[in-house]
Amino acid sequence: MSETALNTKFLSKDVSDTPEEPTPAKKKRRYTVKQYMVLVGAWVNLYMCIALPSSLTVIYVEFIYHLDSSRANAGLVVSLCGGMRGCAGILAGLIVNRIGAKWTIFLGSVFTSSGIFSSCFAPNVIVLCITLGAITGTGYSFINVGTFVALGDIFGKKISNLSIVITMARPLAAMTMPIIIKFLMDIYGWRSSLLLLSAFNLHICAFCIVMSPDKKKLPPIPQDVEDTSSEVDSTKPEKKPKKFFHLSVFNEKMYLVFMVLLTFLNSSYSGATTVMVDVGVGRGFGLNRTVFVLTLRALSALCSRSISAIIHRTKCISNISMLCFTGLSQGCGLLILSYSINYSYFVLGNVIIGMSGGTRNCMTPAIIMGLVGIERYASGLGLTTTMTGFGEVISGPLAGKIADISNNYQLSLFLSSMISLISASLVMLVPAVMFWRSHCQKKEETTENP
């Protein structure tokens with residue numbers, strides 16, 4: 001064959017017959033830019049949700065001396081702000097199901113800013129209970145529940161790991177904000193400090209813009225294909241309307257047990273932390289040294305969240321075992337605080353209860369997600385925060401009332417420690433009862449079918 005024939009045969013070949021070089025696969029980004037903005041916004045939201053309630057323990061002393069209030073009434077303001085953040089949880093869940101998480105967060109920001117602003121002009125503790133307690137606490141509940149539901153809508157099952165990281169904003173707020181509030185109070189007083197905090201809370205409105213999942217875009221319809229989107233396809237099932245509240249969460253027995261025990265554990269913790277500043281001042285430690293202890297307690301809570309994140313990833317310990325451990329450690333810490341006259345024991349007790357509270361609060365969203373599922377997550381989270389909020393509202397004034405009667409806080413802290421230890425002991429019975437029931441069922445099956 002001549003050279004001209006070979007060239008003609010080569011040129012007549014189809015170009016598609018030549019092997020194509022494989023194109024390197026593009027690395028898929030773990031998160032988009034919007035998702036990173038959502039994480040930042042969620043972190044800021046949770047930071048602000050705990051910033052003021054944790055700082056009110058510092059202003060608690062100012063309520064007693066400057067407004068001529070009793071310990072029980074001053075504790076009611078602090079407990080209402082932290083408790084309504086939980087009591088309004090079921091209302092927040094209903095509103096999220098109706099108007100969406102983004103607008104619920106926006107509504108909560110308006111509530112908190114207006115409540116804190118009006119508290120600057122409160123003449124007595126009764127007005128503070130309404131403005132700084134009820135209104136502000138309700139707004140924080142909307143922000144808290146709306147943020148977690150938005151994270152669930154955007155990230156799905158990844159929220160179990162993300163919630164551990166995001167909730168680290170809470171101990172960081174409890175660690176830094178009391179120092180900031182003490183600094184502002186020394187310069188401007190407690191009323192002007194609240195005025196500045198009302199302005200800080202307005203930053204939540206900016207972050208709620210991105211708190212919504214992306215809408216899936218449909219591919220464009222070709223011109224040669226007729227548009228049949230207007231025709232109703234009878235084969236496709238109709239979309240069910242979104243439920244206002246999932247009553248089926250009451251059928252989950254493990255969830256109900258978890259909710260009740262968590263209420264007792266959080267109530268004992270809240271009652272002790274509400275009066276902790278007055279405990280330190282009354283025992284001669286001074287206000288500055290007591291505020292420093294609050295910072296150490298928040299720092300220990302932050303460290304415990306990192307440890308719980310590792311445990312959650314490795315799954316070496318079950319959630320019930322972790323809940324039991326936090327309750328026992330919290331009871332021991334409160335028992336140390338009830339008899340601590342020395343400053344070192346006062347620091348040790350606060351560090352222990354800080355670690356136990358941080359671990360428990362870190363794992364709560366993931367436990368609720370596993371117990372009720374993603375569809376009922378808003379209802380389950382709202383109901384849990386409502387029950388724990390009621391406990392917090394009662395525990396603070398109750399601790400102050402017992403202190404007014406006994407003229408010290410030793411009995412209040414001792415009762416809180418006993419509640420924690422009993423609740424933790426009941427948690428230990430849950431897996432034992434489940435194991436006994438499964439053993440009895442297997443025994444019955446073997447007797448029926450030998």
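Me: How do the residues lining the largest cavity divide into nonpolar, polar and charged?

Reply: In this predicted model, the lining holds 15 nonpolar, 20 polar and six charged residues. Arg85 and Glu392 are among the residues nearest the cavity centre, and Asp, Glu, Lys and Arg count as charged. Ile50 is also in that central group; Ile counts as nonpolar.

Me: What makes this space a cavity?

Reply: A 1.4 Å probe fits there but cannot get out. The volume is about 890 Å³. Two cavities of 30 Å³ or more are counted.

Me: Which helix supplies the largest share of the lining of the largest cavity?

Reply: That is α15, with seven residues. Helices supplying at least two residues each include α2 (33-66), α8 and α16 (377-406). The chain has 17 helices and zero strands.

Me: Why is the pair Lys182 and Asp186 called a salt bridge?

Reply: The cut-off is 4 Å between a Lys or Arg side-chain nitrogen and an Asp or Glu carboxyl oxygen. The closest N and O atoms of Lys182 and Asp186 are 2.9 Å apart, so the pair qualifies. The structure holds one salt bridge.

Me: What separates Lys182 and Asp186 along helix α8?

Reply: They are four residues apart in α8 (residues 169-188), so about one helical turn separates them.

Me: Why is Lys182 classed as buried?

Reply: Buried means under 20% relative accessible area. Lys182 has 13% relative accessibility, so Lys182 counts as buried.

Me: Is Asp186 buried or exposed?

Reply: Exposed requires over 50%. Asp186 is at 55%, so Asp186 counts as exposed.

Methods: Residues numbered from 1 in each chain as written. Predicted model: local features only at pLDDT ≥ 70, side-chain atom pairs only at ≥ 80, totals over all residues. Heavy atoms only, no water. Buried < 20%, exposed > 50% of the residue type's maximum accessible area, 1.4 Å probe, protein only. 1 Å grid on protein atoms, 1.4 Å probe; cavity = no way out; pocket = protein on both sides within 12 Å on 5 of 7 lines; lining within 4 Å. Points joined across faces, edges and corners; volume = space filled by probe spheres on them.
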